[in-house]
Amino acid sequence: MSEVVHDELYDLRHSTAHLMAQAVGELFPGVKYAIGPPIEDGFYYDFDLPRPIREEDLAAIEERMLEISARDLTIVRQELPREEAVKLEADLDQPYKVELINDLPEGEVISFYRQGEWVDLCRGPHVPSTGKLKHFKLLHTAGAYWRGSEKNKMLTRVYGTAWFSKADLEDYLNRVEEAKKRDHRILGRELGLFMFSEEVGKGLPLWLPKGATLRDTLIDFMKAEQLKRGYQGVVTPNIGSSKLYEKSGHLVTYRSKLYPLMEDPESGETYVLKPMNCPHHIMIYANELHSYRELPIRLAEFGTVYRYEQSGELTGMLRVRGFTQDDSHLFVTPEQLGEEFKGVVDLMLYTLKRLGLTDYRVRIGIRDPKDSKYIGSDENWEAAQKAIIDAVEELGMAYEIAEGDAAFYGPKLDLLVRDALRREWQMGTVQVDYNLPERFELEYIGEDGQRHRPIMIHRAPFGSLDRMIGLLVEHYAGAFPFWLAPQQIAIIPISDRHHAYAEQVNVALREAGFRSALDSRNEKMGKRIRENEMQKVPVMLVLGDRDVENNTVSVRRRGEGDLGAKTLEEAIAYFKELSAQ
RNA sequence: GCCGACAUGGCUCAGUGGUAGAGCAGCUGUUUCGUAAACAGCAGGUCACCGGUUCGAAUCCGGUUGUCGGCUCCA
């Protein structure tokens, strides 16, 4: 968030951050100020304090903020030459501010904003006086490293939100409350999709029958697409020799992100629990000599990988330690690169569309030339980055370039989607890689009879099945479209005498390929309807005397209610229609 | 990993030093019902785990594990 948009709401939030800093200064003498910018929906300020602020302190800080607001202090801008600016902050015993001033580029205007006794280094702009700041709330505290580096001291960050009116503030707080109800961790349990077990291990998801069905549905969808698009399935083991990963470069770059190595007791050779599928797929390509006529070769696998993520990073299904990628590696000639890359992007966008995810961002990660973790030659990097940018330009897509976001072996294009709490997650990803083919000396025989080096495209349209399902749960608030719903149809016989007919209908629907289940519990129909509604089953069939008599089913659509009686044939036609939506 | 917080039956929560409670879910019966909660009874917890303080700990203290919000990281 280096580029801050200067609209009025941002100014208000920025000023509220100052207001909070002043209040903290009054309540915690000796506080050192770091930075305090406006952010989406609010603001934060980082403090270095004699003792950390606790959540229970927030009310007192808010109270002091309101008091300072009531003083209605005029907010005044003041510009100072560099030396005087440094002296001002040094006199105030504010070392972080001194460091910030010293790092400002030559010729930059150095400005301060003063409200009453309190002053802060700041580019501004701000509201005219503290009296304008009334509708805010402090939300939570967090630790944050000075300048974002874990080598530096950890400061205390306080997050808050601020709005023009009381109504806006309340709306926002309500929105957050509503969003929490969509949390996939809560819905995942309520809907019986997945679980975690302390005894199995943190970050290791267990998929329950309904969640497993959802996974199967997504896998079937992707397999069908891949079949149309000329992919071939492969299967590779969950572990591989460390030598393989040494050669690929993963071992050096991601040592700390691997589960500890396993040792073969006979040979003493070590094995890696695989964090990636690429080296395995590369071995399959290298198994035989390929002609240019065979290329592109597209090897696909739903590969489960394990990454030892830092414990503090784990978040439900959105960040786990064991997950399944819809992975594929394409081996292509330089001439094919552009078309193949565009083909992958097309699949990725089609996938998002089918899943109903329309709100996403495209980020192109290129390398940071100053960082040494990137392998391979400058020429290869230039060529790979150019291939990606040319392709998205040709496709007319909106995108952002992010320096330093490339994989260590190549640049990539990521699709980013937000969760219920508006946190952004990387979903689909595609990378262009000249470097691993070089490391593994991959070849094909060209038209000219000479040996040539293929280029690899790594891609995963879902990214991780686990993360994608977590996100889809939040996107749909658990109410999946018919084709995705783990259980599509619930059959509710009104009383015992309708069971035989209900069973018959259930069998017929399963025969027709629908995920149907009979709910013949000894409960009143209304209760069973209610519970199936809450389980987000898209369709219910209520069966009573009339239906048995007329050989019909009464169709009830989730969220809509009774659609009336249909024959079984009509109902099946309707379900086929729903499946296509 | 770091900062802060939290942890009571399957779920949601009450209980702040004197030997654990409610609703929902579960089980058993009764009820056989036309589109979002029938009725009654029963059962269920070493209060996350380990240690300490105390005559006595769910409650106070320390540690561990897990979870939550951030930071850092994300092939």
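Student: Which atom of RNA strand B is 3.4 Å from an N or O atom in the side chain of K373?

Tutor: A phosphate oxygen of RNA strand B. The structure is a predicted model, so local features need pLDDT of at least 70, side-chain atom pairs count only at pLDDT 80 or more, and totals for chains, interfaces and linings use all residues. Residues are numbered from 1 along each chain as its sequence is written, chains are lettered from A and ligands numbered from 1 in the order written, and side-chain values use heavy atoms, without hydrogens and water.

Student: How many residues lie around RNA strand B, and which come nearest?

Tutor: There are 59 (a heavy atom within 4 Å counts as near). S311, E313, N522, R530 and R546 come nearest. Of the RNA strand B atoms that come within 4 Å of the protein, 52% belong to sugar and phosphate.

Student: What is the make-up of that surface by class?

Tutor: It has 26 charged residues (Asp, Glu, Lys, Arg), 17 nonpolar (Ala, Val, Leu, Ile, Met, Phe, Trp, Tyr, Cys, Pro) and 16 polar (the others, Gly among them).

Student: Which element gives the most to it?

Tutor: Helices (H or I, at least four residues) and strands (E, at least two) are DSSP runs, numbered from the N terminus. Here α16 gives the most, with seven residues. α16 spans 525–534. Other elements supply at least two residues each, including β8 (154–163) and β21 (424–433).

Student: Is H126 buried or exposed?

Tutor: Buried means under 20% relative accessible area, exposed over 50%, partly exposed in between (1.4 Å probe, protein chains only). H126 has 14%, so it is buried. H126 sits in the loop between β6 (118–121) and β7 (135–145). Its side chain makes a polar contact with that of S15, at 2.8 Å. Such a contact is an N or O pair within 3.5 Å; within protein, one atom must be able to donate a hydrogen and the other to accept it, and residues adjacent in sequence count only if both atoms are side-chain atoms. Beyond four places in sequence, H126 also touches (heavy atoms within 4.5 Å) D11, H14, H18, I75 and Y113.
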